[in-house]
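Please read it alongside the sequence and the coordinates shown here.

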Amino acid sequence: MTHSSPLRQEILRGAWLLAGIMALSFLANMPLVIRPDVLLVGALALAFFIDDAYVFMMWLLAELLWAKYAPSPSYELLFIGIMGVVVFFIIRSFVLRPAPILFIGAILVGTALFWLVFSFAHTFVAFPFLMEFLYNTAVGMILFAFGLWLKKRFS
Amino acid sequence: MHQQYQRVILMSISGILVILIGTGFFIAKPLEIFSSLSHIFSLSSIVEENTTLHQENDGLKNELFALQQHIAIASSTGEISAQVFSAYPFNTKNRIFLDKGSLDGVMTGEGVFIPSRVLIGQVTRVTPHESEVMTVFDPAFSLPVRIGAQQVDGLLKGGVSPLVTLIDKTKPIAPGDLIVNASKDFMYGVTIGTVRDITPDTLGAFLQTSIQFSYSMNDVRNVEVHP
């Protein structure tokens, strides 16, 4: 019995994770006053659960292309891509094992930076930011659990 | 590992429930979970009809206001019909994207209306085939407005829950009063919404009011761009 190559396992893990991100994106279309930033949380989940740099870049690019909402390139998607890459290299360089608390910390930093850069008056001291962070954390926990299961299934 | 999965799943489910239930107490607009479920199943046509009737009602109120104030209603010539094909997916701004651009005659700064002459936003960026609109729900949106038959001055400030602020405390306004545009950038007297709740502002020097809209931005599909 031949085992799948590690690269194939990584690709499958990334594909399933991206499918989970796409499925959760329906939350962003609900008639909520504040919506979770599934794209940002998804990019962070890809950074946490894909080990191969090329596979990670491939699925991150796929996520950003799928999420394209305007005809011209947007700084917001570029920011999310950069956040994903930075977190990927921090995880690989300094952290031995991804943990939920680290993931929540990455979500907090990512959400805060996003609001600092793109919000009107460049501030995150606002109720919508707090609500978005809570929603992002809830979505993040779902993706984290899914990622842990995928890591066990495709390893 | 199994216990870790269970913990994480339980955390996430309880987190979602707390947020969904808790936000109903802390934000003005409820989450409308049941209305979204009804959209999914079979009541979407009734909801759509209701929205259309609200919009027509606003249009009629607009005409009545204009007649009462002896304001000439702007003719329908020159408007550009467009469809909304995308919306900004994040919470930091509230923008929609239209399928008409500079080649179709759309220019930056023009007003965007839903068909019953209700102002919903302003064009901020135009490309040859598409344009970006900043809606009244965008935190960067602001507009001088007038309220009611007495034409009380106020300033509309956009955001998650747009407010009309800087209202003189001595002037009479009441829930249900029409809020209309007073900016020279758009046609005078076009409807924004109606007064919902009236409260003193943070400093207590002025009044402020929340706005009742006849539409939901999630349901807007066809708009008109007026020069």
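How many salt bridges does the rule find across the interface of chain A and chain B? The rule finds one salt bridge across that interface, and it should be kept in mind throughout that this is a predicted model. In that salt bridge the side chains of Glu76(A) and Lys93(B) meet, at 3.6 Å from N to O.

**Interface of chain A and chain B**

**Aromatic pairs**

- Over all chains, the count by this rule comes to 19 aromatic pairs.
- One of them is formed by Phe103(A) and Phe144(A), a tilted pair with 5.5 Å centre to centre and 40 degrees between the planes; this pair links distant parts of the chain, since Phe103(A) is in helix 5 of chain A and Phe144(A) is in helix 6 of chain A, 41 residues apart.
- Phe103(A) counts as buried because its relative accessibility is 0%, and Phe144(A), also at 0% relative accessibility, counts as buried.
- The rings of Trp115(A) and Phe129(A) have centres 6.1 Å apart and planes at 75 degrees, so this pair is edge-to-face; because Trp115(A) lies in helix 5 of chain A and Phe129(A) in helix 6 of chain A, the pair ties together parts that are 14 residues apart in sequence.
- Trp115(A) is buried, with a relative accessible area of 5%, and Phe129(A) counts as buried at 9% relative accessibility.
- Ring pairs also link residues of chain A and chain B into a cluster that holds Tyr69(A), Phe79(A), Phe114(A), Phe118(A), Phe85(B), Tyr88(B), Phe90(B) and Phe97(B).

**Salt bridges**

- The count of salt bridges over all chains comes to ten by this rule.
- Arg95(B) and Glu132(B) meet through their side chains in a salt bridge of 2.9 Å, N to O, and this pair links strand 2 (residues 95-98) of chain B, which holds Arg95(B), with strand 5 (residues 131-135) of chain B, which holds Glu132(B), 37 residues apart.
- Both Arg95(B) and Glu132(B) are buried.
- Arg95(B) also meets Asp138(B) in a salt bridge of 2.6 Å, N to O, and here the link runs between strand 2 of chain B and the loop between strand 5 and strand 6 (142-147) of chain B, where Asp138(B) is found, 43 residues apart.
- Asp138(B) is buried, with a relative accessible area of 1%, and Arg95(B) is buried at 12%.
- Asp185(B) and Lys184(B) form a salt bridge through their side chains at 3.7 Å, N to O; Asp185(B) is partly exposed, with a relative accessible area of 45%, whereas Lys184(B) counts as exposed at 78% relative accessibility.
- In chain A, salt bridges that share partners join Glu10(A), Arg13(A), Asp51(A), Arg92(A) and Lys151(A) into one network.

Note on methods. Residues are numbered from 1 along each chain as its sequence is written. Chains are lettered from A and ligands numbered from 1 in the order in which they are written. This is a predicted model: local features need pLDDT of at least 70, side-chain atom pairs count only at pLDDT 80 or more; totals for chains, interfaces and linings use all residues. Side-chain values use heavy atoms; hydrogens and water are left out. A salt bridge is a side-chain nitrogen of Lys or Arg within 4 Å of a carboxyl oxygen of Asp or Glu. Rings of Phe, Tyr and Trp (its six-membered ring) pair if their centres lie within 6.5 Å; planes under 30 degrees apart count as stacked, over 60 as edge-to-face and the rest as tilted. Helices (H or I, at least four residues) and strands (E, at least two) are DSSP runs, numbered from the N terminus. Buried means under 20% relative accessible area, exposed over 50%, partly exposed in between (1.4 Å probe, protein chains only).
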